[in-house]
Amino acid sequence: MKAPRKIEIFETREALTTRAADLIVEKLDAALSEKPLASLVLSGGSTPKDLYTLLVLEKYKDKIPWEKLLIFFGDERCVPPDHPDSNYKMAHDALLSQVSIPSENIFRMKGELSPDIAAAEYETAIKSALGEHPKFDIVLLGMGADGHTASLFPGTTALAASEKLVAANYVEKLDSWRLTLTPPAINMSRNIFFLIAGNDKAKAVKEILENDADSPAQLIAPRSGSLFWLLDDDAASQLSSNEKGYRSR
Ligand code: 6PG
């Protein structure tokens with residue numbers, strides 16, 4: 001039985017990221033009440049980046065025990081960590097460089113390596129940190145207008161990677177290689193937050209939430225964890241009124 005989606009719609013991007021930040025504080029508190037360290041999986045993208053910018057403000061920076069976090073990445077471009085396209089570089093500049101997380105607790109996908117080697121190495125790193133069947137405490141995800149999430153793009157081989165936690169994924173439409181957590185790796189997580197804002201996402205949001213469309217983001221369905229779809233009004237603009245009955249703020 002898959003856990004139901006919790007859909008929340010917000011008037012502004014700021015309200016969305018504030019809710020996401022509050023949820024992160026709440027879920028990390030819960031995780032750290034049971035164990036010494038909690039795992040947070042970061043995403044690339046401009047919407048997650050807005051959240052990182054919020055998390056380093058006094059209001060949140062002091063609420064999160066950064067030294068007790070293990071930081072992972074949901075996906076990465078196959079570029080060096082100082083490349084402008086690197087998700088690691090974005091997260092480092094916006095968040096990781098401004099909070100006190102021991103470097104050994106930051107697990108970077110090594111985009112500079114050959115994709116298959118980088119994927120295998122990251123899978124080993126995850127298992128060494130979290131065990132053979134890792135359950136991330138929080139996974140942050142964005143979604144593209146084509147319904148991709150992490151680097152799970154439509155029509156790519158990683159969508160069917162059922163035996164692996166991490167896949168090297170060639171994305172033809174981008175003519176580039178990516179590294180990505182696989183759907184099974186994400187779906188073992190305790191809490192998954194989609195952060196989706198903007199009119200350009202509205203069609204995919206409607207297709208996925210209302211028409212059960214076959215889309216990469218549709219594959220994100222945790223077995224027992226919680227799944228939040230945090231949408232701004234623009235991204236939710238094509239949803240029918242009954243979907244909009246979900247909590248909105
Ligand atoms: C990436 C991200 C990707 C991103 C979505 C949404 O590597 O680009 O992991 O999945 O989250 O494309 O990005 P925006 O929030 O910028 O629309």
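**Ground rules.** I number residues from 1 along each chain as its sequence is written, and I use heavy atoms for side-chain values, leaving out hydrogens and water. Because the model is predicted, I require pLDDT of at least 70 for local features and 80 or more for side-chain atom pairs, while totals for chains, interfaces and linings use all residues.

**Aromatic pairs.** I looked up rings of Phe, Tyr and Trp (its six-membered ring) whose centres lie within 6.5 Å; planes under 30 degrees apart are stacked, over 60 edge-to-face and the rest tilted. I count 6 aromatic pairs by this rule. One of them is the tilted pair of Phe194 and Trp229, at 4.4 Å centre to centre with 40 degrees between the planes. I place Phe194 in strand S8 (residues 191-196) and Trp229 in strand S9 (residues 226-232), so that the pair links distant parts of the chain, 35 residues apart. Strands here are DSSP runs of E with at least two residues, helices runs of H or I with at least four, numbered from the N terminus. Are the two residues buried or exposed? Phe194 is buried because its relative accessibility is 0%, and Trp229 is buried with a relative accessible area of 0% (buried is under 20%, exposed over 50%, partly exposed in between, with a 1.4 Å probe and protein chains only). I also note one aromatic cluster, formed by Phe72, Phe107 and Phe136.

**Charges over rings.** I asked for NZ of Lys or CZ of Arg within 6 Å of a ring centre and within 35 degrees of the ring normal. The charged end of Lys6 sits over the ring of Phe228, 5.1 Å from its centre. Arg108 has its charged end over the ring of Tyr88, 5.7 Å from the centre.

**Helices H1 and H2.** H1 (residues 13-32) packs on H2 (residues 46-55) at an angle of about 65 degrees, and their axes are 9 Å apart (axes are lines fitted to C-alpha atoms over the stretch in contact, with angles from 0 to 180 degrees between N-to-C directions). From H1, the contact (heavy atoms within 4.5 Å) includes Arg13, Ala20 and Ile24. From H2, I list Asp50, Leu51 and Leu54 among its residues.

**Ser226.** I find this residue in strand S9, and Ser226 counts as buried because its relative accessibility is 9%. Beyond its neighbours within four places in sequence, Ser226 contacts Lys6, Lys27, Arg190, Asn191 and Ile192.
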